[in-house]
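Dear colleague,

Please find below the structure that I am handing over to you.

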Amino acid sequence: MKRVFLFLLTNLAVMLVLGVVLSIIMSALGLSHRSLGGILLIAAVFGFGGSFISLYMSKWMAKKSTGAQVITKPSNETEQWLMNTVATQAKKAGINMPEVAIYDSPEMNAFATGPSKNNSLVAVSTGLLHSMTQDQAEAVLAHEVSHVANGDMVTLTLIQGVVNTFVIFAAKVLAGIVDNFINSDEEEGGSSWTYFLFDMLFQVLFGVLASVVVAHYSRKREFAADNGAAQLVGADKMRSALERLKQNHPSQLEGSMMAFGIASGKGMAELFSSHPPLDARIDALRK
């Protein structure tokens with residue numbers, strides 16, 4: 001419940017900020033919300049603006065939503081090992097040392113997030129630390145460090161911004177066409193209930209199609225992160241970690257944390273899954 005409330009509150013604040021920014025820009029440029037230029041501006045501000053604000057808030061949101069505790073001063077051998085391992089891998093990968101955190105969850109999982117390669121967070125679950133060998137955990141950490149080194153968070157944000165902009169623009173244009181046809185231009189387009197209804201319907205429809213594109217990219221980056229981990233710690237360790245994940249609990253991560261986690265949710269249709277099947281990832285490492 002806390003995570004849902006935080007998510008809704010954050011998104012409401014983002015929408016309000018973007019709404020104010022949009023009003024100022026449109027007034028300055030003298031654009032109408034019914035013109036193609038106005039619609040494109042609306043789509044770009046909400047499409048890219050929402051994505052980039054989410055990116056820059058990602059570390060804060062991740063800590064709040066998972067309860068992850070950042071290790072500032074190691075208090076035991078496990079925490080010291082985590083810090084040393086991530087530091088070694090980050091140096092090999094050519095990035096600044098990420099923040100390292102632990103969050104309480106029975107699942108074997110970890111995630112990376114952050115606005116840039118040199119401002120990132122790597123977090124692991126207590127379930128992973130309790131259920132995996134040190135070699136397997138080392139491989140999982142290398143997978144997450146590889147996500148950071150590959151710049152996957154920023155690239156996914158750009159892709160998400162593009163598809164969001166397309167979804168909003170296409171939905172509003174088509175909604176306007178349908179609205180004008182139904183109302184025979186008797187009502188001012190863009191202000192009737194039919195416009196808002198079809199705008200929402202088209203955004204849902206195009207949003208589902210767009211999620212397939214984003215999921216496809218995410219799956220490709222998982223293979224790349226597995227390969228990066230194999231280069232950092234060895235393919236055998238990475239394969240062993242993936243084999244262990246077959247006995248995992250369903251993932252509780254959401255959004256970009258799931259996209260850059262080591263494991264995704266169970267039972268997701270492959271087209272919409274952020275991760276390839278584990279067997280496919282293991283086969284790719286063998287090759």
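Phe 202 counts as buried, at 19% relative accessibility, where buried means under 20% relative accessible area, exposed over 50% and partly exposed in between (1.4 Å probe, protein chains only). Please note that this is a predicted model, in which local features need pLDDT of at least 70 and side-chain atom pairs count only at pLDDT 80 or more, while totals for chains, interfaces and linings use all residues. Residues are numbered from 1 along each chain as its sequence is written, and side-chain values use heavy atoms, with hydrogens and water left out.

Helices are DSSP runs (H or I, at least four residues), numbered from the N terminus. Phe 198 is partly exposed, at 24%. Their ring centres lie 6.2 Å apart with the planes at 35°, so this pair is tilted. For reference, rings of Phe, Tyr and Trp (its six-membered ring) pair if their centres lie within 6.5 Å; planes under 30 degrees apart count as stacked, over 60 as edge-to-face and the rest as tilted. Ring pairs also link Phe 166 and Phe 206 with Phe 198 and Phe 202 in a cluster.

The count of aromatic pairs comes to 6. One of them joins Phe 48 and Phe 52, with centres 6.4 Å apart and planes at 20°, so it is stacked. Both residues belong to helix 2 (residues 36-56).

Turning to charged side chains, the whole structure holds 13 salt bridges, each being a side-chain nitrogen of Lys or Arg within 4 Å of a carboxyl oxygen of Asp or Glu. Among them is the bridge between Arg 221 and Asp 152, at 2.8 Å from N to O. Arg 221 is in helix 8 and Asp 152 in helix 7 (residues 152-183), so the pair ties together parts 69 residues apart in sequence. Asp 152 is buried, at 1%, whereas Arg 221 is partly exposed, at 22%.

Arg 281 and Asp 226 meet in another salt bridge, at 2.7 Å from N to O. Arg 281 is buried, at 1%, and Asp 226 is buried, at 1%.

Finally, Arg 286 bridges to Glu 243, with the closest N and O atoms 3.9 Å apart. Arg 286 is exposed, at 53%, and Glu 243 is partly exposed, at 32%. Salt bridges with shared partners join these two residues, Lys 246, Asp 279 and Asp 283 into one network.

Yours sincerely

How values were computed
Helix = DSSP H or I, 4+ residues; strand = E, 2+ residues; numbered from the N terminus.
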